[in-house]
Amino acid sequence: MTQVATRRHEAVAVRTWLVPLLATAACLATSVYLQWSWRDQLPARIATHFGADGRPDGWSSLNGNITFTVVFGTLMTIFMLGTGLLVHQGRQMGGVAAGTGAFIAALGAGMVSTQRGATAQTEPQVGPMLFTALGLALAVGLLVWLAIRRRGPEPVAHTAPPTTAPTIAGAQTARLSWIRPLRRSRGALVASVLLGAVVPIMALCIAAAGDWWMAAVLLLIGLVAFVPIGMMWAVVTIDHRGVQARALGIRWMNIPLETVTSAETVKLVSPLGDFGGWGVRGGFSGDRGLVTSEGPGLRIHRAEQSDWVITVDDAERAAAVVNTLVARAQR
């Protein structure tokens, strides 16, 4: 059984970096093919960089643009995959890496496509190009994440919590549950208000100026950025099913009770220092986290998988409830 598990782990590790690399290679190859097929329809110099006003301020030859697209897209994908492996978050970073490669490939081809048929230096419309590239990046990133995510049932725990783990006295048979919202950061709440107010206003101003594509791009970026903020309102539930967190009608976390070995409290959780941000994150030490503020938290130990860290108040009681439910299930 150990050899089988080792081979399975090795296969998962290979798939974690091989699938994103293949997806990026396919996107870059398609970008190169399209750019080269348009070579007879392009001016001698093509716009490759744009200022804040949307006007081109940098130019290159077609060969230069193709070379930059391939080299930059490949290096960024490898860099993100390497970062994911270093912090033990290969599955999470695999989709991000492939999405980044797809974005660069689409951007390279998009800039060339907008200048087909031009006889002089043109000013391509950046909005449609960015919107298409962002949409492709999100689609490729999601597909790669689905391809490399964990498959099959999660490993089941076969051991009870240690005797030193906190439990609820006299609760061997009583119905037991714990429900609390995540602890929310004031700074994150301020950021959510600003993001929710500023982005739509900026998009309306841009649309009123006639650039509907850039307005759509800004709204798409704002929507993606708002997702971690929506997680701030999640409510954590611990009962006989396990540990779950829901917000905005979405289940952001689900830890089945049969996969849990024990729980304990964490004295200090730093979303930025430990996880690089807020929301559902992969930690630098390999942990998974639903982190929304700095302070104490709850750590859930799982069988043959990384721990989950959750920023909630009354973490001592939450850990005791988890350990009691796990011990009861083991018996």
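Visitor: What makes β4 and β5 count as paired strands?
Guide: This is a predicted model, and the pairing is read from its coordinates. Strands count as paired if there are at least two bridges between them. Strand β4 (residues 235-239) is joined to strand β5 (residues 242-247) by 5 bridges. The two are therefore paired. They run antiparallel. Thr237 has Gln244 as its bridge partner in β5.

Visitor: Which strands make up the open sheet, and in what order?
Guide: There are 4, in the order β3-β4-β5-β6, with antiparallel pairing. β3 (178-181) and β6 (250-256) are the edge strands, since each pairs on one side only. From one strand to the next, the twist averages 10°.

Visitor: What lies across β3, β4 and β5?
Guide: Helix α8 (residues 315-330) does, and its angle to β4 is about 35°.

Visitor: Which residues touch the most other members of the largest nonpolar core?
Guide: Val236, Ile238, Val243, Leu298, Ile300 and Ile310 do, in a core of 31 residues. At least two core residues come from each of β4, β5, β6, β7 (260-269), β10 (295-302), β11 (308-310) and α8. The most come from α8, which gives 8 residues. Another core, of 9 residues, lies apart from this one; Cys27, Ala98, Ala105 and Ile148 are among its members.

Visitor: What is Ile310 in contact with, beyond its neighbours within four places in sequence?
Guide: The cut-off is heavy atoms within 4.5 Å. Leu182, Val236, Val243, Met253, Leu290, Gly297, Leu298 and Ile300 meet it for Ile310. Leu290 also stands opposite Ile310 in β11.

Visitor: What makes β9 and β11 a pair, and in which sense do they run?
Guide: The pairing rule asks for at least two bridges. β9 and β11 have 3, so they pass. Their sense is parallel. β9 also pairs with strand β8 (residues 279-282), over 4 bridges and in the antiparallel sense. There, Gly279 has Val291 as its bridge partner in β9. The hairpin of β8 and β9 has 5 residues between the strands, and Gly286 takes a positive phi near 100°.

Visitor: How do you know that both faces of strand β9 are covered?
Guide: Look at its residues, 288-291. Arg288 and Leu290 sit on one side, Gly289 and Val291 on the other, and all are buried.

Visitor: Why is Thr24 called buried?
Guide: Buried means under 20% relative accessible area. Thr24 has 3%, so the label holds. Thr24 is found in helix α1 (residues 2-37). Not counting residues up to four places away in sequence, Thr24 touches Gly73, Thr77, Ala97, Ala98 and Gly101.

Visitor: Which residues of α2 are buried?
Guide: They are Leu62, Asn65, Ile66, Thr69, Gly73, Thr77, Met80, Leu81 and Gly84. In an α-helix there are 3.6 residues a turn, so residues three or four places apart point the same way.

Visitor: How do you know that the span of α2 is close to what is expected?
Guide: The expected span is 1.5 Å times one less than the number of residues. For the 25 residues of α2 (residues 62-86), that gives 36 Å. Helix α2 reaches 36 Å from its first C-alpha to its last, close to that value.

Visitor: How many helices and strands does the chain have, and what share of the chain is buried?
Guide: The chain has 8 helices and 11 strands. Of its 331 residues, 44% are buried. The chain exposes about 17600 Å², with 64% supplied by carbon and sulfur atoms.

Key: Residues are numbered from 1 along each chain as its sequence is written. This is a predicted model: local features need pLDDT of at least 70, side-chain atom pairs count only at pLDDT 80 or more; totals for chains, interfaces and linings use all residues. Side-chain values use heavy atoms; hydrogens and water are left out. Buried means under 20% relative accessible area, exposed over 50%, partly exposed in between (1.4 Å probe, protein chains only). Axes are lines fitted to C-alpha atoms, for helices over the stretch in contact, and angles run from 0 to 180 degrees between N-to-C directions. A nonpolar core is a set of buried Ala, Val, Leu, Ile, Met, Phe, Trp, Tyr and Cys residues joined through side-chain atoms within 4.5 Å. Accessible areas come from the Shrake-Rupley method with a 1.4 Å probe; for residues, only the protein chains shown count as cover.
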